[in-house]
Amino acid sequence: MRKLRAFAIMAVLLLAAPLALPVPTPSALAIDLKDMIYDPGQLKPVDSTLKVRPGQMAPDFALPSTTGATVRLSDYRGKKNVVLSFVPAAFTPVCSDQWPGYKMARELFEEREAMILGISVDNMPSLHAWAVEMHGLWFPVLSDFYPHGAVARKYGLLRTSGTSERAIVIIDKKGVIRFAKAFDINRRPDLGVIMGELDKLQ
Amino acid sequence: MKRLAAALLALLLFCAPALAKPKVGDILPDLEIKTAPLAPEAAYLGLAPGIKSFRLSQIKAEALLVEIFSMYCPRCQASAKSVNGMFNNLTALPQGQKLKMLGIGAGNSAYEVSVFRKQYDIPLPLLPDGDYTLHKAFGTVLTPAYMVLKPVPGGKGFQVLLFQEGIIADYQAFLDQALRVSGVQ
């Protein structure tokens, strides 16, 4: 009888424990993106040599997107201008601002009949988590992870560290490269420069 | 050797204010903003029409409420409407002529600032800081950041009266606090 009572008390205590212990609220569990950022410090501004130039056909590629689809550059031919936005790495300071800026500026890209293809050499799980943290993006986010940085290498945008440059390549509806530049990796490319180059395609 | 140590110490002391985040009581430099404000912005700030560049001390105000923002920063995007509300509430008050608001776009070009202004229909003056000069001088704060600054007599910079980094939970309460600490009547 005493054992039964002890068992009952233990059971009640065990069941009640979660109520007594402080349970983290969702807001306490939430982590701001800025707290997840890894800062690599100042890096060599450009660490590769471009292999493409305006006037040539853009090398075609197919890469997996965070949505699960495979995106092929040539699928946009005849339909959209394309802005390839290479960024060095997920969860780093400049990159984590750059694409949210393009998210806000969606209308400006659409007015110029342009689709962004965001490309990083990160693997898919990291890119997926990053895109979710940015509350979704309107353009495809592509993983150039395996073979590692193959597309970045093809365009001459793979740095010796294994990340890509912070680069913009603008391709017209005929598939011809109209602008290609590796920007200083430590800074965002000026949106005004991108829009100015897109305006030249109109 | 002593001279080298003294030089290093002087360099450290000189650099320290620029590296540290601002806190109440700090003195920030009176920097030049090398951009022409829009005509309504110049009028609000009490600057001469057509002015091409200006120092913060040229703004006709007893205190400034400065927002450091970036067009690219999701938190700045999320808080833009609240900041608009704070500006509208401030300018509706008599004290709005004495405490004036402006935004500084850290690392933003004039084009990027104009995109941000248009996207959120922002009524307060927004000024580009494309090369991060002001951002660095103001302690490389995370965006958005807000500070109330009071000019130090003799053009010796601005004293920090209030500093807040990140999204503000209650913008009206923050404005009330800004009005209180700035002492404008």
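Two residues are in contact if their C-beta atoms, placed from the backbone, lie within 7 Å. In chain B, 65% of the contacts with a separation of 6 or more join residues 24 or more positions apart. This is a predicted model: local features need pLDDT of at least 70, side-chain atom pairs count only at pLDDT 80 or more, and totals for chains, interfaces and linings use all residues. Residues are numbered from 1 along each chain as its sequence is written, while chains are lettered from A and ligands numbered from 1 in the order in which they are written.

Start with chain B. It has six helices and eight strands. Helices (H or I, at least four residues) and strands (E, at least two) are DSSP runs, numbered from the N terminus. Along the sequence the pattern reads α-β-β-α-β-β-α-β-α-β-α-β-β-α.

Now find the sheet. Six strands of chain B form an open sheet with mixed pairing, in the order E1-E8-E7-E4-E5-E6. Two strands pair if DSSP finds at least two bridges between them. E1 (27-28) and E6 (126-129) of chain B are the edge strands, each pairing on one side only. E4(B) and E7(B) (residues 145-151) run antiparallel, joined by five bridges. Here B:Leu65 stands opposite B:Val148 of E7(B).

Next, the interior. A residue is buried if 20 or more other C-beta atoms lie within 10 Å of its own, exposed if 12 or fewer, and partly exposed in between; C-beta atoms are placed from the backbone. Of the 185 residues in chain B, 37% are buried. A nonpolar core is a set of buried Ala, Val, Leu, Ile, Met, Phe, Trp, Tyr and Cys residues joined through C-beta atoms within 7 Å. The largest such core has 85 residues, and B:Leu64 and B:Leu149 touch the most other members. Strand E4 (residues 63-69) of chain B gives the most to this core: six residues. Leaving aside residues up to four places away in sequence, B:Leu64 touches B:Leu56, B:Ile59, B:Lys100, B:Leu102 and B:Leu149.

Turn to where the chains meet. Chain A brings 14 residues to the contact and chain B brings 13. On the side of chain A that touches chain B, helix H3 (95-104) and helix H7 (191-199) of chain A each supply at least two residues. The largest share, five residues, comes from H3(A).
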